[in-house]
Amino acid sequence: MTAPSIDAVRLLGRLRELGAIGRNGEGRLTRLAASDSERDGRNRLVSWLEAAGLEIAVDRIGNIFGIWAEDTADRPPLMLGSHIDTVINAGIYDGCYGVLAGLEVIETLKSSGFVPVRPIVVVAFTNEEGVRYTPDMMGSLVYAGGLDVETALATVGTDGSVLGDELRRIGYAGDREPGFLKPCAYMELHIEQGPVLEREGVAIGAVENLQGISWQKVSVEGDANHAGTTPISMRRDAGYAAARVITFLRDRAKASNTPTVATVGCMAFEPNAINVIPSRVTFTVDLRDPDEERLKQEEAALADFLKMLSGEEGVAISVERLARFEPVTFDAGIVAGIEAAARARGLSWRRMTSGAGHDAQMIARMAPAAMIFVPSKGGISHNPKEFTGDDELVAGANVLLDVVRKLVGGE
């Protein structure tokens, strides 16, 4: 018997329709969490969930659920999903693909007469990107019990707004307690956001683990002084000290034979004048590694370097922890199922590590989880140039469909 396939026209059409919501006059796409544009995207998603005959539920952190339960509501559901909020000036695939593919899988199964032995739920988690409110992956973190819902709702955004107030304003402050559905498993289909699959000509990534993430803010205090009259040997130059940290991190990662990566993504100088030696520099450090012990080693190496640097340059250095997530190992059985489904569809596949954070890493705290990746052209994401070909999108959705059929009592 030939396995069913998703409706490609419907999936791709919805992906582009959702991708048109939140564009400004210049065509730039931005749907920040709990904003007016994200409200419009949520409304469109809910209209599709309702048209599919799904029960709609919204929890207190604003996560949206479309539930297909039939006569199996007493059994733990299989959960599929991702997010629909975006970064500033975004592409159309990140997160949205996983949500809409999850809906498409349910609709395909329903129309084929398939009867699941447990509920299937598609979810759109709140504030995955963390652009307007921090931390990122907030909705799934709260759902998995890693962050108190009241604390999350009280979060103040970059624009001074309060998340709980904004969810009420846009009509998505739900009444369900986060975690009200305890999934038997969770799957997330996503674009890779990296270059590996495209570079190797592979269609499907069976994601077996996800890197640990360490975010820190470093502040360096020196002395402002005249750029022309102060000898180099007499300077307490916070800018130079910060530059040494950047080169230390880069050189250490480059010399290592491990997958450790290090990034300084934000930096601010004071007084920020061309002819004044910087008195203060603040910058962020993003360390990632799929192995917890190696990640701890990198954190310790940075701490040792900062202590040495402070003494050598006569500057004061302080560090603030911004976020810390341990590496995640996904469920081996589901990962093997992804490989089997790709093989059965005649698609090439490979096991891989996710370098980015995803909602799946949070839900893995409460249920077996795994991810499917499809190629990203040029490895580009969080950018209008983000692109995955239609055939690749459809192939990933069909693999998700096949794995879901197995997990909910298929063939």
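This is a predicted model: local features need pLDDT of at least 70, side-chain atom pairs count only at pLDDT 80 or more; totals for chains, interfaces and linings use all residues.

Reader: Which residues line the largest cavity, and what is its volume?

Author: The largest cavity has a volume of about 50 Å³, and its lining is made up of Phe248, Leu249, Arg252, Ala253, Thr260, Ala262, Leu287, Glu298 and Leu302. At least two lining residues come from each of α8 (238-255) and α9 (292-313), and by class the lining holds 6 nonpolar, 1 polar and 2 charged residues.

Reader: How many cavities of 30 Å³ or more does the structure hold?

Author: There are 2 of them, and the second largest cavity has a volume of about 40 Å³. Thr86, Val87, Ala90, Gly91, Asp94, Glu129, His382 and Glu386 form its lining, which divides into 2 nonpolar, 3 polar and 3 charged residues.

Reader: Turning to open spaces, which residues lie nearest the centre of the largest pocket?

Author: Glu129, Gln193, Arg288, Ala356 and His382 lie nearest the centre, out of 20 lining residues, and the volume of this pocket is about 450 Å³. Its lining is divided into 7 nonpolar, 8 polar and 5 charged residues, with at least three residues drawn from each of domain 1 (8-210 + 327-408) and domain 2 (212-325).

Reader: What is the volume of the second largest pocket, and which element supplies the largest share of its lining?

Author: The second largest pocket holds about 380 Å³ of space. It is lined by 14 residues, of which Thr134, Trp215, Cys266, Thr284 and Leu322 are the closest to its centre. The largest share of the lining, 3 residues, comes from β10, while β10 (280-289) and β11 (316-325) each supply at least two. Domain 1 and domain 2 each contribute at least three residues to this lining.

Reader: How are two packed helices described?

Author: In general, one gives the angle between the two axes together with the distance between those axes. Here, helix α10 (residues 332-344) packs against helix α12 (residues 390-407) at an angle of about 120°, with their axes 9 Å apart.

Reader: Why are α10 and α12 called oblique to each other?

Author: The angle is about 120°, and because roughly perpendicular covers 65 to 115 degrees and roughly antiparallel begins over 145, α10 and α12 count as oblique to each other. The crossing in which α10 passes α12 is right-handed.

Terms used:
Residues are numbered from 1 along each chain as its sequence is written. Side-chain values use heavy atoms; hydrogens and water are left out. On a 1 Å grid over the protein atoms alone, a cavity is a set of points where a 1.4 Å probe fits but cannot get out, and a pocket is an open set with protein on both sides within 12 Å along at least five of seven lines; lining residues have an atom within 4 Å of a point. Grid points are joined across faces, edges and corners, and a volume is the space filled by probe spheres set on the points. Ala, Val, Leu, Ile, Met, Phe, Trp, Tyr, Cys and Pro count as nonpolar, Asp, Glu, Lys and Arg as charged, and the others, Gly among them, as polar. Domain bounds come from an automatic or database domain assignment. Helices (H or I, at least four residues) and strands (E, at least two) are DSSP runs, numbered from the N terminus. Axes are lines fitted to C-alpha atoms, for helices over the stretch in contact, and angles run from 0 to 180 degrees between N-to-C directions. Angles under 35 degrees count as roughly parallel, over 145 as roughly antiparallel, 65 to 115 as roughly perpendicular and the rest as oblique. A crossing is left-handed if the near helix is turned anticlockwise from the far one by less than a right angle, and right-handed if clockwise.
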